[in-house]
Amino acid sequence: EDTLGRLRFVQAGGVTSVFKVSQRWNAPVSILAKDKLEDNTLLRLTAEPGSAVQASAAGEVVAVSADDELGPYVRISHGSDLESVYYGLSDITVEAGQPLSPMDTLGKVSAGGTLYVRMRRAGSPIDPEDFIDTSGVS
């Protein structure tokens, strides 16, 4: 089995096929419950308060700030006009300009136990579950 870019070449019985490697990202926390808000563009995750929140994919921290409604956040650029924003953080451990690898710690889930995730492509909100794997959680 060889991998080239995002394609995986599989050879079996003299036949070679090409399959796209999954682009699903790991969930940023261990999820207890989930639901979608704002026309499926805001993902609300319930987790243990104080749990580590990790970057679901590689990127660079664009901003660390606070939203009046959703609380402290970290905004990450993943390239190709794709951004993720993690709201409801406490004890934020990253700063603007910092490069990130998948699963780098961003901070902790706030005392309320709620983490919000929003994603944007070219500035327009998109469904976070198109990227983040939340399977197995209802």
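**View 1. Y73 is a buried tyrosine with a relative accessible area of 17%.** Keep in mind as you look that this is a predicted model. The 17% for Y73 falls under the 20% cut-off, so the residue counts as buried. Y87 is buried as well, at 6% relative accessibility.

**View 2. Two aromatic pairs turn up in this model.** Let's begin with W25 and F131. Their ring centres are 5.2 Å apart and the planes meet at 45°, so this pair is described as tilted. Where do W25 and F131 lie? W25 belongs to the loop between β3 (15–20) and β4 (33–37), while F131 belongs to the segment after β14 (124–126). The pair therefore ties together parts that are 106 residues apart in sequence. Both W25 and F131 are buried.

**View 3. Y73 and Y87 form a tilted aromatic pair.** From centre to centre the rings of Y73 and Y87 are 5.4 Å apart, with 55° between their planes. Y73 sits in strand β8 (residues 71–77) and Y87 in strand β9 (residues 82–87), so this pair links parts that are 14 residues apart in sequence.

**View 4. E48 is in the loop between β5 (42–46) and β6 (52–54).** Setting aside neighbours within four places in sequence, E48 is in contact with L32 and V109.

Terms used: Residues are numbered from 1 along each chain as its sequence is written. This is a predicted model: local features need pLDDT of at least 70, side-chain atom pairs count only at pLDDT 80 or more; totals for chains, interfaces and linings use all residues. Side-chain values use heavy atoms; hydrogens and water are left out. Rings of Phe, Tyr and Trp (its six-membered ring) pair if their centres lie within 6.5 Å; planes under 30 degrees apart count as stacked, over 60 as edge-to-face and the rest as tilted. Helices (H or I, at least four residues) and strands (E, at least two) are DSSP runs, numbered from the N terminus. Buried means under 20% relative accessible area, exposed over 50%, partly exposed in between (1.4 Å probe, protein chains only). Contact means heavy atoms within 4.5 Å.
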